[in-house]
Amino acid sequence: MKRIAKFHKVSFEQFKVGWMDTFGETDETVLKEKYDAIKLPRRATSGSAGYDFFSTVSCELKPGETIKIPTGIRVEMEEDWVLKLYPRSGLGFKYRLQLNNTVGIIDSDYFYSDNEGHIFSKITNDSNEGKTIAFTEGMGFMQGIFVEYGITVDDEANGVRNGGFGSTSK
């Protein structure tokens, strides 16, 4: 197996910015506890392709409800690789849990953005069976899979990323 990436926590300051943007004003002591409790993504077994991401918040999602979760995680990876994010299989199967962008794409240069490459997940309970999902802090809810990719022979991309959504098409 190729070893091509390393997960890191974002700085406390960056986590705080992401948290406040999502949940509003929060006591700094509570935020520090949440930050200290962040677990780096990991595989559950040696045969697992996906790295489990763990929730930084406890919540309930009723059918049709959406939440944005700041993971506190960034990833440093080699060029020519991408991290693809999906709901954990069981949550997708049981609750139709969906990432709002269907598949999250984390490019290798996102690590160097002003926001430190902070990975967020916006998820929706798309249950059509009336099922409510209960998340607990520290629960695995999303998985990431590293994939190598190629480019066209006439590719001349030379832009520099700074930010997340929409930053490369400006």
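Across which strands does helix α1 lie? In the predicted model, in which local features need pLDDT of at least 70, side-chain atom pairs count only at pLDDT 80 or more, and totals for chains, interfaces and linings use all residues, helix α1 (residues 12-23) lies across β4 and β8 and runs at about 160° to β4. Residues are numbered from 1 along each chain as its sequence is written, and side-chain values use heavy atoms, with hydrogens and water left out. Helices (H or I, at least four residues) and strands (E, at least two) are DSSP runs, numbered from the N terminus. Angles run from 0 to 180 degrees between N-to-C directions, and the axes are lines fitted to C-alpha atoms, for helices over the stretch in contact. Contact means heavy atoms within 4.5 Å.

Strands β4 and β8 belong to an open sheet of four strands in the order β1-β4-β8-β6, with antiparallel pairing. The edge strands are β1 and β6 (97-99), each of which pairs on one side only. From one strand to the next the twist averages 40°. Two strands are taken to pair if DSSP finds at least two bridges between them. Strands of a sheet pair through backbone hydrogen bonds, either parallel or antiparallel.

The individual pairings of this sheet can be followed in order. Strand β1 (residues 5-9) pairs with β4 in the antiparallel sense over five bridges, and K6 stands opposite E76 in β4. Strand β4 is joined to the antiparallel strand β8 (residues 119-125) by six bridges, with K68 opposite K122 in β8. Between β6 and β8 the antiparallel pairing extends over three bridges; here Q98 stands opposite T124 in β8. Strand β4 (residues 66-77) is mostly covered, as nine of its 12 residues are buried (buried means under 20% relative accessible area, exposed over 50%, partly exposed in between; 1.4 Å probe, protein chains only).

A further open sheet of four strands has the order β2-β10-β5-β7, and its pairing is antiparallel. Its edge strands, β2 (51-54) and β7 (104-107), each pair on one side only. The twist in this sheet averages 30° from one strand to the next. Strand β5 (residues 81-87) runs antiparallel to β7, and four bridges join them; the bridge partner of L83 in β7 is I106.

Residue Q143 is placed in strand β10 (residues 140-148). Its relative accessible area is 14%, so Q143 is classed as buried. The side chain of Q143 reaches the backbone oxygen of P87 at 3.3 Å and makes a polar contact with the side chain of S89 (3.3 Å). A polar contact is a pair of N or O atoms within 3.5 Å; within protein, one must be able to donate a hydrogen and the other to accept it, and residues adjacent in sequence count only if both atoms are side-chain atoms. Leaving aside residues up to four places away in sequence, the residues touched by Q143 include F53, L85, Y86 and R88.

The largest nonpolar core has 33 residues, and F53, L83, I119 and I123 are those with the most contacts inside it. Strand β4 gives the most to this core, with five residues. Such a core is a set of buried Ala, Val, Leu, Ile, Met, Phe, Trp, Tyr and Cys residues joined through side-chain atoms within 4.5 Å. When residues up to four places away in sequence are not counted, I123 touches, among others, I67, I69, L97, L99, F135 and F141.
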